[in-house]
Amino acid sequence: MREIRLILPLLFKAGFRKKQGEKGNPMLTNSILCAILLFYSISGGILMIPAFTEFNENGMLAGFITIIFLASALVTMLFSIAPMMSLLYFSKDGEFYLYLPVKASSVFMSKMIYLYVSQLYLSVATCAPLLVIVGISQNLTVAFYVLTILGVLLTPFLGLLLASVICVPLVAIASLFKN
């Protein structure tokens, strides 16, 4: 655990630093993406308040909430394939970590934690506003909000799991074309 805490700050500094030859600022790009997702999530939630009432009356509200979480996992998966491939498979920082007194499993785990934290904002931006609007419009209990927080925190794991399953064959295909 100590090794992971040593590597994580290095990954975050490298992730938010502007690379040479890069035209945009990654922090600005992520902020704009988050603002767009928040806008669509909040406006969509407000427009769907009558539908939430119908779902609740017909007993389909739980299914709709599940669809919200699955859609968030899909968004997380789509936006994490490229960062996962570049960070885990095509990264050139292996030589740097070889000289550090850390295990390879610690490097891999810290990179996965970095990916999780960097994709968490997508889950928060897509799920949280919509689910808060559902909870307020349907007068749901405090347990719903606690489970919403838990679901929003766990949803990126599903997206990262799916992205890692997709990345393995993509890396194999890419290595065929690389050589």
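How many residues has α4, and how far does α4 reach from its first C-alpha to its last? Helix α4 has 29 residues and reaches 40 Å between those two atoms, which is close to the 42 Å expected at 1.5 Å a residue; the expected span of a helix is taken as 1.5 Å times one less than its number of residues. The structure is a predicted model, in which local features need pLDDT of at least 70 and side-chain atom pairs count only at pLDDT 80 or more, whereas totals for chains, interfaces and linings use all residues. Residues are numbered from 1 along each chain as its sequence is written, and side-chain values use heavy atoms, with hydrogens and water left out.

The protein has seven helices and zero strands, and reading along the sequence gives the pattern α-α-α-α-α-α-α. Helices (H or I, at least four residues) and strands (E, at least two) are DSSP runs, numbered from the N terminus. Along its principal axes, the C-alpha trace spans about 60 × 35 × 30 Å. Of the 179 residues, 36% are buried, where buried means under 20% relative accessible area, exposed means over 50%, and partly exposed lies in between (1.4 Å probe, protein chains only). The protein exposes about 11,100 Å², and carbon and sulfur atoms supply 74% of that area; accessible areas come from the Shrake-Rupley method with a 1.4 Å probe, and for residues only the protein chains shown count as cover. Among contacts in the protein with a separation of 6 or more, 84% are accounted for by residues 24 or more positions apart, a contact being heavy atoms within 4.5 Å.

To return to α4, this helix has a kink of about 40° at Ser80, shortly before the proline Pro83; the bend at a residue is the angle between axes fitted to the seven residues ending there and the seven starting there. Phe64 also has its place in α4, and Phe64 counts as buried because its relative accessibility is 14%. Not counting residues up to four places away in sequence, Phe64 touches Met48, Phe52 and Phe55. By contrast, the C-alpha atoms of Phe64 and Tyr114, 50 residues apart along the chain, are separated by 30 Å.

Helix α7, covering residues 142–178, has 37 residues and reaches 53 Å from its first C-alpha to its last, close to the 54 Å expected at 1.5 Å a residue. A bend of about 30° lies in α7 at Leu153, and a proline, Pro156, follows within four residues. Pro156 is itself one of the buried residues of α7, which also include Phe144, Gly151, Val152, Gly159 and Cys167. The cover over the buried residues of this helix includes α4 (61–89) and α6 (104–137).

Ile166 lies in α7 and is partly exposed, because its relative accessible area is 32%. Leaving aside neighbours within four places in sequence, Ile166 is in contact with Met77 and Ile81; the C-alpha atoms of Ile166 and Met77 are separated by 9.2 Å although the two residues are 89 residues apart along the chain. Val124, which is found in α6, is also partly exposed, with a relative accessible area of 37%.

The last stop is helix α2, residues 26–47, in which Ile32 lies. Ile32 counts as partly exposed, since its relative accessibility is 46%, and together with Leu28, Ile36, Phe39 and Tyr40 it makes a nonpolar surface patch of about 550 Å². Patches are made of residues with over 30% relative accessible area and no salt bridge, like charges being joined within 9 Å and nonpolar side chains (Val, Leu, Ile, Met, Phe, Trp, Tyr) within 5 Å; a salt bridge is a side-chain nitrogen of Lys or Arg within 4 Å of a carboxyl oxygen of Asp or Glu. The C-alpha atoms of Ser31 and Tyr121, 90 residues apart along the chain, are separated by 9.5 Å.
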